[in-house]
Protein chains: 2
Amino acid sequence: MIIDCHGHYTTAPPALEAWRKRQVAAIGNPSAMPRTSELKISDDEIRESIERNQLRLMRERGADLTIFSPRASFMAHHIGDFEVSSAWSALCNDMCHRVSQLFPQHFIPAAMLPQSPGVDPATCIPELVRSVEQLGAVAVNLNPDPSGGHWTSPPLTDRSWYPIYEKLVEYDIPAMVHVSTSCNACFHTTGAHYINADTTAVMQLIQGDLFRDFPQLRLIIPHGGGAAPYHWGRYRGLAQELGKPLLAEHLLRNVYFDTCVYHQPGIDLLTEVIPVDNILFASEMIGAVRGIDPETGHYYDDTLRYIQASASLTAQDRQKILEGNARRVFPRLDAALKQQGR
Amino acid sequence: MIIDCHGHYTTAPPALEAWRKRQVAAIGNPSAMPRTSELKISDDEIRESIERNQLRLMRERGADLTIFSPRASFMAHHIGDFEVSSAWSALCNDMCHRVSQLFPQHFIPAAMLPQSPGVDPATCIPELVRSVEQLGAVAVNLNPDPSGGHWTSPPLTDRSWYPIYEKLVEYDIPAMVHVSTSCNACFHTTGAHYINADTTAVMQLIQGDLFRDFPQLRLIIPHGGGAAPYHWGRYRGLAQELGKPLLAEHLLRNVYFDTCVYHQPGIDLLTEVIPVDNILFASEMIGAVRGIDPETGHYYDDTLRYIQASASLTAQDRQKILEGNARRVFPRLDAALKQQGR
């Protein structure tokens, strides 16, 4: 089985975005605020948006199942207040749930959280609970910078984040550390902000001792871990300067990197530097980079090809990256698959 | 010859830091502000600070000459106003000049600029002129985020930076894009802010068309280009989505990456992905990562070892990385060396 642990519903029917535009326009004008019940999207519209896009490409490329969360750049936690984020999160999470109900063999949901800058992360718990208990979410996306590129929240090791971690541990689900749109002109969303956030999160986790407090917590750093694997010597050396244990102990019992690295040399480095048990197959398809690489004739984000072509991986390594590790890191996914007889 | 294009005076005699502390303490209290003439450091003190540190390691490792600029984390452009940055820059640049005079075979200066958040970059021109014309600087360090981790300046492609680029082109000197200390708790200075800034700068340059306006401008992205080479497929793909030319044309006629990547797999990726003509040997020694790698028994930042060990490089490639490219990218360095008969 091939499990893609990082997909977003980037192709949702246009009515979703139209609703969001009405919501954003109504900020500060409660009488104009649309109700969530006003969003009307039929099952057929959802089917079409998936069959023509993600499912088509999954079939072409050979992926069986995608862990599917709301469009990352549309989370836009910096817009509005908690109420705005809360209504928007609920709608987006419902959409991914519906996809998973319509295509139970191919999609399983992960949830976004109703984060808002300056608002206590504990306010996200009710939606987290609903997503897991009612929508079947097997993971959440946690935004380390709800301000959208201004980085006004404390580091992920700060105690204000602990209520979320406690709930993740209670449910035995991981979080993917994933920012949203940048509203800072310095940072291109998918070319700088995403990658910087990944790098930043790794370094915050090195500086802190979060996993001493949460030995069962599992965090996924997407986009191949940002810059961290490329600079693994720097990070090993900085951990050493800070008097921390070796990264194998300090980080790699709890932290996983996905394979959203869009060329062969990057995947080769990732699989050389990071233990195979800490690597999760992912493509983030259909996402930031949708074109065909003129150097290969294949889609940049067809990351399965790079993993298949990686000379250093054994068949057992590939099985771990493509399926085994995901079943371990997302136990609720494993349970759902077993219930399906898979 | 082996030229290290990225060294900082991290071991300056303590009187320099003591002066800085007095300066910072006197902000808002002009009568307490120390004069630059109050800093007293003897040639012997400078000799000792260099001989015991950088020069000792250069001899042990085999580097002949270092392009030497003020300590990056101490630039701290976010502290005080233009006057504060101006006095501090002048002192620090003078120190590197003195090092180069005392060790003309081993050090040549690069300058920091008196940047200050929210202040027109054009105000840096007088110190840039002084550094080149009077101190012999062969390059400058340009901070894309003088706020120290709040990213309040416009991207490097913004016209407000143009006066600096005009002067760089006039003098035919490159700039290394290098941030300073982070005062944002989210970003560890050398583990997140430095690497993020490198990645951010690359993406800003991809988004813009700076080199259409400045075809002769040369920028060096330190620390192996941040995350960019590891994610080169992403950057090639994003350039394609933005309708830009291939990166070979759009970026690599003007942008160079140094080799401050502190493990073999990182250097192997860099040399595989980035054309050899765009790679400059550097160690940033004595810098962020001062320890010995338990996996190799050698200093993490002894990057010469990785370049020597890189299986894919020919002797000619190594000559370019270690010397040839530096002579081309820093023509004033080349001229100075030729004057010395080297």
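## Close-up views of a predicted two-chain model

View 1. Arg327(A) and Glu323(A) both belong to helix 14 (residues 315-329) of chain A, where they stand four residues apart, about one turn of the helix; helices (H or I, at least four residues) and strands (E, at least two) are DSSP runs, numbered from the N terminus. Their side chains meet in a salt bridge at 2.8 Å, N to O, a salt bridge being a side-chain nitrogen of Lys or Arg within 4 Å of a carboxyl oxygen of Asp or Glu. Arg327(A) is buried, with a relative accessible area of 16%, and Glu323(A) is buried at 13%; buried means under 20% relative accessible area, exposed over 50%, and partly exposed in between (1.4 Å probe, protein chains only).

This is a predicted model, in which local features need pLDDT of at least 70 and side-chain atom pairs count only at pLDDT 80 or more, while totals for chains, interfaces and linings use all residues. Residues are numbered from 1 along each chain as its sequence is written, chains are lettered from A and ligands numbered from 1 in the order in which they are written, and side-chain values use heavy atoms, with hydrogens and water left out.

**View 2. A salt bridge between Arg159(A) and Asp213(A).** The closest N and O atoms of Arg159(A) and Asp213(A) are 3.5 Å apart in this salt bridge. Arg159(A) lies in the loop between strand 5 (140-142) and helix 7 (162-171) of chain A, and Asp213(A) in helix 9 (residues 210-213) of chain A, so the pair ties together parts that are 54 residues apart in sequence. Arg159(A) is exposed, with a relative accessible area of 58%, whereas Asp213(A) is partly exposed at 37%.

View 3. Lys167(B) forms a salt bridge with Glu170(B), the closest N and O atoms being 3.1 Å apart. The two residues are three residues apart in helix 7 (residues 162-171) of chain B, and are therefore separated by about one helical turn. Lys167(B) is buried, with a relative accessible area of 17%, whereas Glu170(B) is exposed at 52%. In chain A, salt bridges that share partners join Glu323(A), Arg327(A), Asp334(A) and Lys338(A) into one network.

**View 4. The surroundings of Thr271(A).** Thr271(A) is placed in helix 12 (residues 264-273) of chain A and counts as buried at 12% relative accessibility. Its side chain reaches the backbone oxygen of Asp268(A) at 3.1 Å. Leaving aside neighbours within four places in sequence, Thr271(A) is in contact (heavy atoms within 4.5 Å) with Ile279(A), Ser310(A), Ser312(A), Leu313(A) and Ile321(A).

**View 5. The interface of chain A and chain B.** The two chains bury about 4600 Å² between them, 55% of it on carbon and sulfur atoms; buried area is the accessible area (1.4 Å probe) that two parts lose on being put together, summed over both. In chain A, Cys186(A), Tyr230(A) and Arg234(A) lose the most area to chain B, together 18% of what that side buries. The rule finds four salt bridges across this interface, and Arg236(A) forms a salt bridge with Glu295(B), with the closest N and O atoms 3.6 Å apart. Helix 8 (189-207), helix 10 (232-241) and helix 12 of chain A are the elements that give two or more residues to the side of chain A that touches chain B, and helix 8 of chain A gives the most, with 10 residues.

Terms used. A polar contact is a pair of N or O atoms within 3.5 Å; within protein, one must be able to donate a hydrogen and the other to accept it, and residues adjacent in sequence count only if both atoms are side-chain atoms.
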